[in-house]
Amino acid sequence: MIIKTPTKFFLVSGSSDGFSLLNAFDGALLASGVGDTNLVRMSSILPPGCKEIKPRPASLPQGALVPTAYASIHSDVPGEVISAAVAIGIPKDATRAGLIMEYSARAEESIVVEQVRKMVQKGMEMRKREIKEIMAISATSRIVTIGAAFAGVVLWD
Amino acid sequence: MIIKTPTKFFLVSGSSDGFSLLNAFDGALLASGVGDTNLVRMSSILPPGCKEIKPRPASLPQGALVPTAYASIHSDVPGEVISAAVAIGIPKDATRAGLIMEYSARAEESIVVEQVRKMVQKGMEMRKREIKEIMAISATSRIVTIGAAFAGVVLWD
Amino acid sequence: MIIKTPTKFFLVSGSSDGFSLLNAFDGALLASGVGDTNLVRMSSILPPGCKEIKPRPASLPQGALVPTAYASIHSDVPGEVISAAVAIGIPKDATRAGLIMEYSARAEESIVVEQVRKMVQKGMEMRKREIKEIMAISATSRIVTIGAAFAGVVLWD
């Protein structure tokens with residue numbers, strides 16, 4: 001194994017305005033409580049037996065490299081609504097992996113959440129894996145000048 | 001060193017339909033045999049002496065973080081042909097790194113494979129590094145409603 | 001912790017022509033001295049106490065997995081000017097994280113550097129964290145046929 005397999009997870013989300021698109025993204029990470037870490041993006045599996053950290057950590061070690069499955073979206077179109085969401089399908093069989101899905105769109109938060117939950121259902125059906133529970137988190141923003149929304153599943157140890 | 005340097009590799013590819021673009025991508029990963037892992041994308045070098053795992057593993061530990069160089073493409077245009085390919089230039093000098101290239105396009109598989117092989121040749125020429133062998137793998141899909149194609153080089157230990 | 005937190009960093013940049021967009025990117029990595037490594041992209045924090053390696057290493061171990069925050073841009077529009085830059089805000093308080101920003105555009109290098117420095121200022125303001133120093137590096141290219149520019153902050157140990 002090259003990198004240790006995570007054993008813990010927690011959900012985060014947030015949105016922000018910003019000076020630039022990347023500053024808005026950075027602000028959304030800060031609002032999510034992961035703004036001073038290094039997110040390493042990955043495709044999107046919850047390892048078997050991975051446990052939720054509750055309550056979620058107020059912060060992680062500064063600069064830590066953190067494997068994260070996330071959705072993000074930014075816009076500089078005033079008035080536009082943007083939303084990002086992630087969902088996890090927790091399997092009934094605790095020896096099997098869970099599935100994380102990410103979705104973002106120029107749309108209302110409720111629409112984006114509904115879609116990402118469906119995506120998890122369909123992905124678990126494709127695996128013929130029964131779902132115990134779907135967890136989801138989301139963020140939304142109505143753009144003033146420049147803004148971003150972020151939602152993620154942080155894997156940790 | 002922050003992350004261990006991989007010593008093994010194998011090639012994977014697959015394609016799938018799906019409920020959404022991301023579900024199709026997820027399905028292509030499942031068809032490739034890496035659907036229950038966490039791909040960590042990287043730019044695109046085969047470490048010196050890195051050996052192929054043959055036959056390739058039927059699966060990796062569920063949820064493992066897996067450094068992978070990959071090409072992927074998805075489409076929701078019915079009738080469209082999409083193809084993804086990766087190629088590795090294995091150097092004659094086993095003490096030097098090999099080069100991985102990724103290419104995907106709305107085009108026939110043979111065209112995409114030819115292009116990615118040329119990209120490896122040009123990249124190895126740029127390094128003035130003689131090629132022992134070029135390995136390649138690819139996937140293609142003719143879109144019905146929503147589909148994805150994926151090809152990757154998985155690095156492992 | 002899943003992945004070790006880096007303790008060292010250095011800045012790199014370069015540009016290149018190439019046979020394809022990805023070959024040009026690969027050439028820009030070679031020109032930057034990180035062409036035979038595996039960049040793992042991350043969002044964009046300098047861990048507290050992370051020290052610059054001076055002079056920067058001529059090369060890293062071939063095939064090493066290297067966490068890097070980077071900006072890159074490529075183009076196949078002859079005559080177009082492309083530029084990429086990264087900047088780091090080093091905090092006065094050495095116990096706090098620094099902030100890395102990335103920016104690239106179809107624009108002159110000086111404009112891109114000015115923008116990325118402002119982005120660091122705004123991001124550090126958002127954190128209410130005083131800046132000791134802003135470090136920046138950039139690359140630019142006027143496209144002949146196909147070209148790329150790259151600038152990055154490489155984290156290391």
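Biologist: Let me start with a cysteine: is Cys50(B) buried or exposed?
Modeller: Buried means under 20% relative accessible area, exposed means over 50%, and partly exposed lies in between (1.4 Å probe, protein chains only). Cys50(B) has 9% relative accessibility and therefore counts as buried. Cys50(C), at 9%, is buried as well.
Modeller: Some ground rules before we go on. This is a predicted model, where local features need pLDDT of at least 70 and side-chain atom pairs count only at pLDDT 80 or more, while totals for chains, interfaces and linings use all residues. Residues are numbered from 1 along each chain as its sequence is written, chains are lettered from A and ligands numbered from 1 in the order in which they are written, and side-chain values use heavy atoms, leaving out hydrogens and water.

Biologist: How many disulfides does the structure hold?
Modeller: A disulfide is a covalent bond between the sulfur atoms of two cysteines. The test here is a pair of cysteine sulfur atoms within 2.5 Å, and over all chains the count is zero.

Biologist: Next, how many aromatic pairs are there over all chains?
Modeller: A pair of aromatic rings is described by the distance of the centres and the angle of the planes. Rings of Phe, Tyr and Trp (its six-membered ring) pair if their centres lie within 6.5 Å; planes under 30 degrees apart are stacked, over 60 edge-to-face and the rest tilted. The whole structure has nine such pairs. One of them joins Phe25(A) to Phe150(A), edge-to-face, with 6.1 Å between centres and 75 degrees between planes.

Biologist: What does Phe25(B) touch, setting aside neighbours within four places in sequence?
Modeller: Contact means heavy atoms within 4.5 Å. Phe25(B) contacts Ser43(A), Tyr70(B), Ser72(B), Ala148(B) and Phe150(B). Phe25(B) belongs to helix 1 (residues 21-32) of chain B and is buried, at 12% relative accessibility.

Biologist: Which residue lies over the face of Tyr70(B)?
Modeller: A charge sits over a ring if NZ of Lys or CZ of Arg is within 6 Å of the ring centre and within 35 degrees of the ring normal. Arg41(B) does this for Tyr70(B), at 4.1 Å, and Arg41(C) for Tyr70(C), at 4.0 Å.

Biologist: How many residues of chain A and chain B are in contact?
Modeller: 31 residues of chain A contact 30 of chain B. Buried area is the accessible area (1.4 Å probe) that two parts lose on being put together, summed over both. Chains A and B bury about 2400 Å², 65% of it on carbon and sulfur atoms.

Biologist: And how many salt bridges are there between chain A and chain B?
Modeller: A salt bridge puts a side-chain nitrogen of Lys or Arg within 4 Å of a carboxyl oxygen of Asp or Glu. There are three between chains A and B, including Asp36(B) with Arg129(A) at 2.6 Å. Chains C and B also have three, among them Asp36(C) with Arg129(B) at 2.7 Å.

How values were computed. Helix = DSSP H or I, 4+ residues; strand = E, 2+ residues; numbered from the N terminus.
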